[in-house]
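Subject: Structure for you to look at

Hello,

Here is the structure I said I would pass on. Please open it first, then read the notes below it.

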Amino acid sequence: MSPIKRILKRAIGDSGEDSGPTALVSADTATYFFISGHPRSGTNWLSALMNLHPKVYCHGEFHFQVLRGALDHFTALPWYLAHHDPVRSEAERAFADLVARCLRAQGQCKPGATVIGDHTPRAVRLLIPDAKYLVMVRDGRDVLVSWTYHLLRTGRPEVVHETVRAALAGALTGLDRNAPDSLRSAADGLLHDQAWVRHFAQQWSQHVSKDLATMVEWQQRGGPQSMCVTYERLHASTESERARLYSFLGVEPTEALTISAESRTAPGFGRDDPASFYRKGEVGDWSNHLCDARERWFVDVAAETMSRMGYLKHPSKVDTDHGATREAVKV
Amino acid sequence: MSGLLKRILGRDSNGVAPQSGAASLHVRSASDGDVAGLSQTAEPTADAPRPKRRIWGRQPFEDVLRDFGSFPADSDTRPRPFFIVGHPRSGTNWMSNLLNLHPQVLCTGEAHFQVLLNAMPEMVSEPHQTAFKEPAKSAVARSFQEMIRATMAATAVRKPGALRAGDHTPRLLRPMLPESEHFVIFRDGRDVVMSMTVHTLNNQSKRAGHAIPETREIFDHALGMLTSDDESLYRAARFLLTHEAWVRRFAGNWQRHVLTDLETIQRMHAGEYPGKVMSVRYEDLHARTDKLRCEMYRLLGLDPDKAAPIGTDPRTAPGYTENKTSSHYRKGKVGDWRSHFTPPAMRWFDAEAGRAMLELNYELDSAWVDSLPAGIA
């Protein structure tokens, strides 16, 4: 295990591979939560913050939404057995049970943890009916910049939509993924590409809109419990925000460990390392990459969602109360 | 006889075509040995390359399940699942009706577990995914199996006393539960192509009829031939069977399905996948219905004497007396293709599906192509 992984595991109380798994968390005492959001919105950071609490364990990405989508198909067609009750409700129950079993199995890595979570960066979906859901949202322009660097660093054109695949493949040609200047130059090229910017603006906008709609629907029908967390607000008021989130998860905020740069729980990384998964973590970094004209491409596509989230102002003046969002979703 | 079927069937098939009454039942459990007393050799040969079974370029999830072996079920009191599989229009419905004659069996519908199975590689294939490694990986595999058991058990609530819950989705054989029995039904591909053609017209299924660009126009034309007259359906079907793209597509699909299933059966026999598998040809089930259904009951651990006689449910006797063109249970006749295939259709079929025909012992060689069908020419 690398030194940094040891530090991180120690910080979150993860006994990890050194000591082996302990007894499975009891189904009677375990509660569950899910962190979701668009990729590069801070889901990793949020899970690290939650892991500072001794009773919370949120490690890894299960990607349950893949099976959730398959289950939707499995129950959709009238000639499928699971389209009708009692098979349908049993399939739903069995799916929730599958998710809970997997989380409990993973939870055994942190003795004492009873609040167990997953932080897959995807759209929020109902996975366990009585679980709690944290939905992370970050300014789409910062997501665009961060996502661009991430895609260049990981170098897999097949993961993006075919409309922008050629652009990414071209940018990867001749790229030295370990050289910061080479990455910066390639990122700048992609961020000059109108189709690239518009595509990801659309993707971000659709993702956030769908998440907000899901949360509104859940609130209207009285559950499950969800909470919207913005990256910018978490950055500006990390302590008060995480205390609010611990309370939401049902654990005592004062029992949590302190945040630190070492455990990557402090806001920002205090550096600019394009070759790292933890590149910068800065609010409003997009203004260093998108001139007015390029920002306009993004805003043209995503204005409505940005407005709902209060992102149409300069990020340094972001309305951390998010009035528009609060109106739609009682955060 | 040579190839996959020979290795699977062993001594009981002797290269005799089914019309002569050769037994093509083959039953074997990796753990129990030859249930039907058939022997087989499982060594792969150079002339039988394994079909590629990669899903989205990733490891099929049944391989993941196999790697973990058998996880015990949560509850032993629930009805235990079994599966009937096969190419669509091969008799999966009929087989389930036969099994339902037993008071301890309920096999009523199509669950389509492959929908869930196909999704699983996306959860376990990438290093950044939690279930790529332990302890999550085995938790996912175990929970997936439990999900199938629970869902199948829920299907049986409508039949008090049912000990076995069956699924009869027409799909590929894909072992998911190590303790389960799998019945694979094969049917002569020519009858399958004919039945698929009528079925596609009956349902006016553009999803199937338009699946490839070459068949769009002719399928729409065939739909236009349909009237309230039952015979118009057969005229439209025969029209489609005069088109090369139509015949080749359905024949090719059938061959791919059959070869993949034969390969999986072989792997199960070799112990590569756990579980019991019994395969039967539609034509043999037609000829010796009672004998074969008793073997199926026994494979499920049930007493055949408790089953109701064939005919108690009219859709359990070989063939269907309704003969309604619009019915899902249209005809059920062995060799119906002879009344509808033209010589060119026979050649196209043989080119696409000849190998599977040999493997399943429906023909000894391609000479059948040169014989004129009894019906139209």
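Start where the chains meet: 28 residues of chain B are in contact with 29 residues of chain A. Keep in mind that this is a predicted model.

On chain B, the elements that give two or more residues to the side touching chain A are helix H4 (114-119), helix H5 (121-124) and helix H6 (136-155). H6(B) gives the most to this side, with 11 residues. By residue type, the side of chain B that touches chain A divides into 16 nonpolar, nine polar and three charged residues.

In soluble globular proteins, nonpolar side chains tend to be buried together. In this model the largest nonpolar core has 179 residues, and the ones that touch the most other members are Cys102(A), Leu144(A) and Leu116(B). H6(B) supplies the largest share of this core, 11 residues.

Which residues is Leu116(B) in contact with, leaving aside its neighbours within four places in sequence? They are Leu67(A), Ala70(A), Leu71(A) and Phe74(A).

Finally, some totals for chain B. Its secondary structure comes to 14 helices and six strands. Chain B has 377 residues, of which 49% count as buried. If you take the contacts in chain B between residues at least 6 apart in sequence, 76% of them join residues at least 24 apart.

Regards

Conventions: Residues are numbered from 1 along each chain as its sequence is written. Chains are lettered from A and ligands numbered from 1 in the order in which they are written. This is a predicted model: local features need pLDDT of at least 70, side-chain atom pairs count only at pLDDT 80 or more; totals for chains, interfaces and linings use all residues. Helices (H or I, at least four residues) and strands (E, at least two) are DSSP runs, numbered from the N terminus. A residue is buried if 20 or more other C-beta atoms lie within 10 Å of its own, exposed if 12 or fewer, and partly exposed in between; C-beta atoms are placed from the backbone. Two residues are in contact if their C-beta atoms, placed from the backbone, lie within 7 Å. Ala, Val, Leu, Ile, Met, Phe, Trp, Tyr, Cys and Pro count as nonpolar, Asp, Glu, Lys and Arg as charged, and the others, Gly among them, as polar. A nonpolar core is a set of buried Ala, Val, Leu, Ile, Met, Phe, Trp, Tyr and Cys residues joined through C-beta atoms within 7 Å.
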